[in-house]
Amino acid sequence: MAEFFSHSEKQTAAFAEEYAKTLCAGDVLLLHGEMGAGKTAFVKGLARGLHITEEVTSPTYAYLNDYAGKLYHYDCYRISSEEQAEQLGLCDYFDAGKICVLEWSEKIAGLLPPNCKQIVIEKTGEEERKITF
């Protein structure tokens, strides 16, 4: 795994914008980091890199945001079980040929497809982050 050290939210988004160029249709990206680590900033950069102009927001209360039919952004924090995720139809998107980005994916670990990509964002200071990919 490689590392990138960001010194601001803007740098995190810029890194993600470049990282988006490495993604292919159907990729599932697991985004790890504590609350406030910069996961939404990362997804904003991904969206920009995928030429999505919609405003990216955290899907905490919606479970899933669909951006231009190109990017599915999940937040599984409030998911109580894998059965709930299945009932909500969240797994249906994994085979849609789009890019899926999941926050708090450990809540539905048994439902994830093989070969997911991993991104870990760690706070190393007030604005600084270590991004492992």
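# Exercises on a predicted protein chain

Among contacts in the protein chain (heavy atoms within 4.5 Å) between residues at least 6 apart in sequence, 62% join residues at least 24 apart. This is a predicted model, in which local features need pLDDT of at least 70, side-chain atom pairs count only at pLDDT 80 or more, and totals for chains, interfaces and linings use all residues. Residues are numbered from 1 along each chain as its sequence is written, and side-chain values use heavy atoms, with hydrogens and water left out.

**Exercise 1.** Compare the radius of gyration of the protein chain with the value for a compact globule of 133 residues.

*Solution.* First take the rule, which is 2.2 Å times the number of residues to the power 0.38, with the radius taken over C-alpha atoms. For 133 residues a compact globule would have a radius near 14 Å, and the protein chain agrees because its own radius of gyration is 14 Å. Next consider the box that the C-alpha atoms fill, roughly 40 × 30 × 30 Å along the principal axes. Finally, 46% of the 133 residues count as buried, where buried means under 20% relative accessible area, exposed over 50%, and partly exposed in between (1.4 Å probe, protein chains only).

**Exercise 2.** Locate H51 and A68, and decide whether each is buried, partly exposed or exposed.

*Solution.* H51 lies in the loop between α2 (39-49) and β3 (64-67), and its phi is near 65°, a positive value in a residue other than glycine. With 69% relative accessibility, H51 counts as exposed. A68 sits in the loop between β3 and β4 (71-75), with a positive phi near 55°, again in a residue other than glycine. At 46% relative accessibility, A68 counts as partly exposed.

**Exercise 3.** Describe the surroundings of A85, leaving aside its neighbours within four places in sequence.

*Solution.* Start with the position of A85, which is in helix α3 (residues 82-87). The relative accessible area of A85 is 0%, and this residue is therefore buried. With those sequence neighbours left aside, A85 is in contact with I79, L90, C91, I108 and L111.

Note on methods:
Helix = DSSP H or I, 4+ residues; strand = E, 2+ residues; numbered from the N terminus.
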